[in-house]
Amino acid sequence: MEFYRMTKEGGASVRKFISYAMTCFMVLCMTAGAFTAAAADVCAAVTGDSKDSSVAAGAKAAAAAAENTVQTTWKVADAEAAELPEEVEIAFNKATEGFKGEIEPAAYFSAQLVDGTNYMILCRVKAEDEVIDAVNKAGEEAAKTAEAGTAAANTAHKAEEQKPAAETAQKPAAETAQQKTADAAQAAAGTKAEPEVRLMAAVIYEDMLGNASLRKLSDFSLAKYTGAEAAAAEEGMDQHAMTEEPAGTETTAGNDAVDAKTEGETAEAAQPDPLAVRWSIPENYTKCVLPENVKKVYDKALKEFIGNDLDPMALIGTEEKDGMSYAVLCHSILTTADSVESIQVVTLYEDKDGNAYIVNISTVDPAELQNPQEPHT
């Protein structure tokens, strides 16, 4: 009996010991697992070299900080006029002489060789809508006149005879139309609010004889290039989805043929014109020194950003919303085997604690700015 009692008590002790040991082991495993997960997160943060993840992290931080902030809007950054390359500055001054309003260069970033040269310059513009409309209408008429003049001058033995006509063509009758419209706008200015400064892409055309004219003024949307426009659209879609019928309630029967036709037409329309003259980034594109406070944010945000060499060209926009956001036009070279070169708008955000992030990167397509109603692929 005594042996049975001792054996039973001993067994209970053993079971208690085993139970205690298993509990300790489980706690140790859970602790080790948590540490491993935390270590993985730290390693990912330290060694992560994806520019996409960097941008996503910045966008998330900016959105979280501004979640309960009153919505504000981007405004055009106040900065001095950019220094243009000499030949571009001469063409710009000729083309904008007599412009009914204010126009100053912010950055020269693209060129196009045609029968002469097109310069694309980002500008800060303060003018009536009628003046801008007149510029664009005049530019269209001038382009048509120049095309007709070029066609007539193709014969070599008539080159000298065509010279006076070509010179006249580059000082188009469209200037008169622009002048009349601008004068009418000025006369009506007394009844209108003063126009605001806005960013616009200006196309300056210079012919072979050195004559220059302003051919196009297209809006350069800060909301679009900073990602604000896309974010607003996405938010609107989310709100719309909440009020719609559950997915799958709509029927698509009988629409396959229509969809196929539409896709075919879209694919056909998207084919690029092989003869189209492409815009290119000139070697002497505008560079700038950012204001000291912006440069600190820029350097901090891009400190560990790799895969994309960015060269600041102009500070173009600011937004104050639970911190400060800055839009910087940059020359970009992707550090890949192909070294892709482009112009991009880099959006930076600095929170109230001084942390800096890249929030958005958008590529600028000069062809879309030249023909905003006809997007190029």
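In the predicted model, five strands form an open sheet in the order β1-β6-β7-β8-β9, and the pairing between them is antiparallel. The edges are taken by β1 (75–76) and β9 (356–364), each of which has a single partner strand, so that one side of each is left without a neighbour in the sheet. Strand β1 pairs with β6 in the antiparallel sense over two bridges, and the bridge partner of Val76 in β6 is Gly317.

On its other pairing, strand β6 (residues 308–320) runs antiparallel to strand β7 (residues 324–334) over eleven bridges. Within this pairing, Asp311 has His331 of β7 as its bridge partner, while Pro312 stands opposite Cys330 in β7. The hairpin formed by β6 and β7 has three residues between the strands, and in this hairpin Asp322 takes a positive phi near 50°. Ten of the 13 residues of β6 are buried, and the strand is therefore largely enclosed by the rest of the structure.

Helix α10 (residues 292–301) lies across β6, β7, β8 (341–350) and β9, and runs at about 90° to β9. Four residues of the helix, Val294, Val297, Tyr298 and Ala301, are buried in α10. These residues cover an arc of only 100° around the axis, which puts them on the same side of α10. Such an arrangement can be read from helical geometry, since an α-helix has 3.6 residues a turn, so residues three or four places apart point the same way. The cover over the buried residues of α10 includes β6, β7, β8 and β9, whereas Glu292 and Lys296, on the other side of α10, are exposed.

With a cut-off of 4 Å between a side-chain nitrogen of Lys or Arg and a carboxyl oxygen of Asp or Glu, the count of salt bridges comes to nine. One of the salt bridges joins the side chains of Glu104 and Arg124, at 3.8 Å from N to O. Because Glu104 lies in strand β2 (residues 102–114) and Arg124 in strand β3 (residues 116–126), the pair ties together parts that are 20 residues apart in sequence. Glu104 is partly exposed, with a relative accessible area of 28%, whereas Arg124 is buried, with a relative accessible area of 7%.

A further salt bridge is formed by Lys126 with Glu194, whose closest N and O atoms are 2.5 Å apart. Lys126 lies in strand β3 and Glu194 in the loop between α6 (174–188) and β4 (198–206), so this pair ties together parts that are 68 residues apart in sequence. Glu194 is exposed, with a relative accessible area of 59%.

Definitions and conventions. Residues are numbered from 1 along each chain as its sequence is written. This is a predicted model: local features need pLDDT of at least 70, side-chain atom pairs count only at pLDDT 80 or more; totals for chains, interfaces and linings use all residues. Side-chain values use heavy atoms; hydrogens and water are left out. Two strands pair if DSSP finds at least two bridges between them. Contact means heavy atoms within 4.5 Å. Axes are lines fitted to C-alpha atoms, for helices over the stretch in contact, and angles run from 0 to 180 degrees between N-to-C directions. Buried means under 20% relative accessible area, exposed over 50%, partly exposed in between (1.4 Å probe, protein chains only). The arc is that of the directions from the helix axis to the C-beta atoms.
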